[in-house]
Amino acid sequence: MQDKYILQYGSLAGWPYKVAHALREKGINSKNVIFYDKDVHDLSRNLPYDGSVCRPDDSTFKKIGSIFKFIEQVKNECSIVHYHSSNIFFRELHSLYEGPKFRKAGIPMLISFGGGDARFLKQANELNPYFYKPYSRKIDTIIKLRYSSWKQNIRFCATDPELGEVAKPYFDKVFTFRQPVILDEINLKVPDANNTCPRILHIPTEPKVKGTEEIVAAVENLKKKGLNFEFVLKRQLTQKEVYQEISNCDVYVDELRCGSHGVTAVETMAAGKPTVTFIREDLIDKFPEELPLVNANPDTIEKVLEELILDAQLRHNIGKASRAYVEKYHDSRVVADDLIEIYKEIEHA
């Protein structure tokens with residue numbers, strides 16, 4: 001039993017690796033395994049991981065063989081399986097093979113979500129007038145199939161406030177999971193309270209989700225008004241390059257349409273940057289009360305940016321509060337401590 005490890009399966013924004021890394025630092029054997037090394041949306045972020053099931057250039061036959069071999073390894077080598085956004089053999093087919101196999105082996109399973117993998121579009125559009133994707137019966141049917149498959153063998157979920165509300169009907173218990181960051185990897189540089197020409201940064205991994213079109217339009221209007229600032233938009237960056245760009249900005253604009261924040265917002269707050277994103281009104285009180293994110297949507301982004309551009313002291317104060325918030329709630333060591341308690345509970349459930 002001592003040699004068994006906790007599997008963090010998936011490559012979701014790099015956070016499964018950060019969880020495994022933090023657990024190892026605490027003396028708990030954990031590994032992050034991904035399907036294969038290929039980033040989403042044609043990005044090349046070079047996200048870290050401990051191992052992969054197969055290689056992108058393997059034949060279909062070889063990939064399938066690797067999947068079944070890895071499932072057998074997990075059954076024999078793992079004490080807990082923590083899925084991050086995806087399971088090993090197709091989300092909709094979890095209940096047909098790996099789920100029953102792990103359950104019969106007595107391996108507790110926990111699943112965390114990233115967003116589109118577990119969000120019903122009909123509900124999202126009803127709750128969020130700015131949501132980026134219209135309702136699709138086909139997609140919602142697929143999401144329903146995923147939940148129906150997962151719930152047959154996975155009793156527990158750990159996710160953010162938005163998806164926690166969606167997931168509640170399908171699991172015995174839904175825990176709060178906060179995206180982790182490794183603080184030592186991020187350069188803390190709170191905006192200068194005397195800077196009269198702030199640098200605004202936007203890195204749209206998914207332009208439609210992020211509201212990039214509205215952000216650019218707001219920037220152009222503010223330039224026409226004669227405000228003094230620099231706007232930087234970059235996309236194809238490694239994680240190291242992203243951290244460098246974040247370090248050099250004074251304001252980070254994340255996303256305006258989703259309604260909840262992702263891991264990038266946590267990373268920018270960790271760097272001490274005022275971070276602009278959209279949090280749905282019905283979700284605000286589900287986050288810690290000191291959440292320092294600057295709330296903006298496509299209708300308010302110009303006004304919000306104008307205030308931040310004109311007030312250097314405000315940028316400085318929000319930046320300091322942002323770092324303190326991440327240290328309290330999102331430091332990978334804090335997240336690991338929270339997960340250790342969750343793992344203990346599901347092992348004895």
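## A walk through the buried parts of the model

Ser79 is buried, with a relative accessible area of 18%, because burial here means anything under 20%. Please keep in mind that this is a predicted model.

Ser79 sits in strand E4. Leaving aside residues up to four places away in sequence, Ser79 touches Lys4, Tyr5, Ile6, Ile107 and Pro108.

**Helix H1 and its cover**

Strand E4 (78–84) turns up again around helix H1, as part of what covers the buried residues of that helix. H1 spans residues 15–25 and is mostly covered, with eight of its eleven residues buried. Those buried residues are Trp15, Pro16, Tyr17, Lys18, Val19, Ala20, Ala22 and Leu23. Besides E4, the cover includes strand E1 (5–9) and strand E2 (30–34), along with helices H9 (239–247), H10 (263–270) and H13 (332–347). Just past the end of H1, Gly27 adopts a positive phi of about 85°.

**The nonpolar cores**

Which residues touch the most other members of the largest nonpolar core? They are Phe113, Tyr147 and Phe171, in a core of 31 residues. The elements giving two or more residues to this core are E1, E4, strand E5 (109–112) and helices H2 (60–77), H5 (137–150) and H6 (161–167). H2 provides the largest share, four residues. There is also a second, separate core of 25 residues, and Val242, Val266, Ala271 and Leu291 are among its members. As background, nonpolar side chains tend to be buried together in soluble globular proteins.

The structure holds 17 aromatic pairs.

| Pair | Geometry | Centre to centre | Angle between planes |
|---|---|---|---|
| Tyr147 and Trp150 | edge-to-face | 5.7 Å | 90° |
| Tyr147 and Phe171 | edge-to-face | 6.4 Å | 70° |

Why are Tyr147 and Trp150 separated by about one helical turn? The two residues lie three apart in helix H5, which accounts for that spacing. In general, an α-helix has 3.6 residues a turn, so residues three or four places apart point the same way. Tyr147 is buried with a relative accessible area of 0%, and Trp150 is buried with a value of 0% too.

The pair of Tyr147 and Phe171 links distant parts of the chain, 24 residues apart. Tyr147 belongs to helix H5, while Phe171 lies in the loop between H6 and strand E7 (173–176). Phe171 is buried, as is Tyr147. If you select Phe171 in the structure, you can look for its contacts with Ile111, Phe113, Tyr147, Trp150, Ile154, Arg155, Phe156 and Cys157, not counting residues up to four places away in sequence. One aromatic cluster brings together Phe113, Phe120, Tyr147, Trp150, Tyr170 and Phe171.

**Helices H11 and H12**

On the H11 side, the contact involves Glu307, Leu308, Ile309 and Leu310, which meet Ala312, Leu314, Arg315 and Ile318 of H12. Sorted by class, this contact has six nonpolar residues, two charged residues and no polar ones.

Key. Residues numbered from 1 in each chain as written. Predicted model: local features only at pLDDT ≥ 70, side-chain atom pairs only at ≥ 80, totals over all residues. Heavy atoms only, no water. Buried < 20%, exposed > 50% of the residue type's maximum accessible area, 1.4 Å probe, protein only. Contact = heavy atoms within 4.5 Å. Nonpolar A, V, L, I, M, F, W, Y, C, P; charged D, E, K, R; others polar. Core = buried A, V, L, I, M, F, W, Y, C linked by side-chain atoms within 4.5 Å. Phe/Tyr/Trp six-rings, centres within 6.5 Å; stacked < 30°, edge-to-face > 60°.
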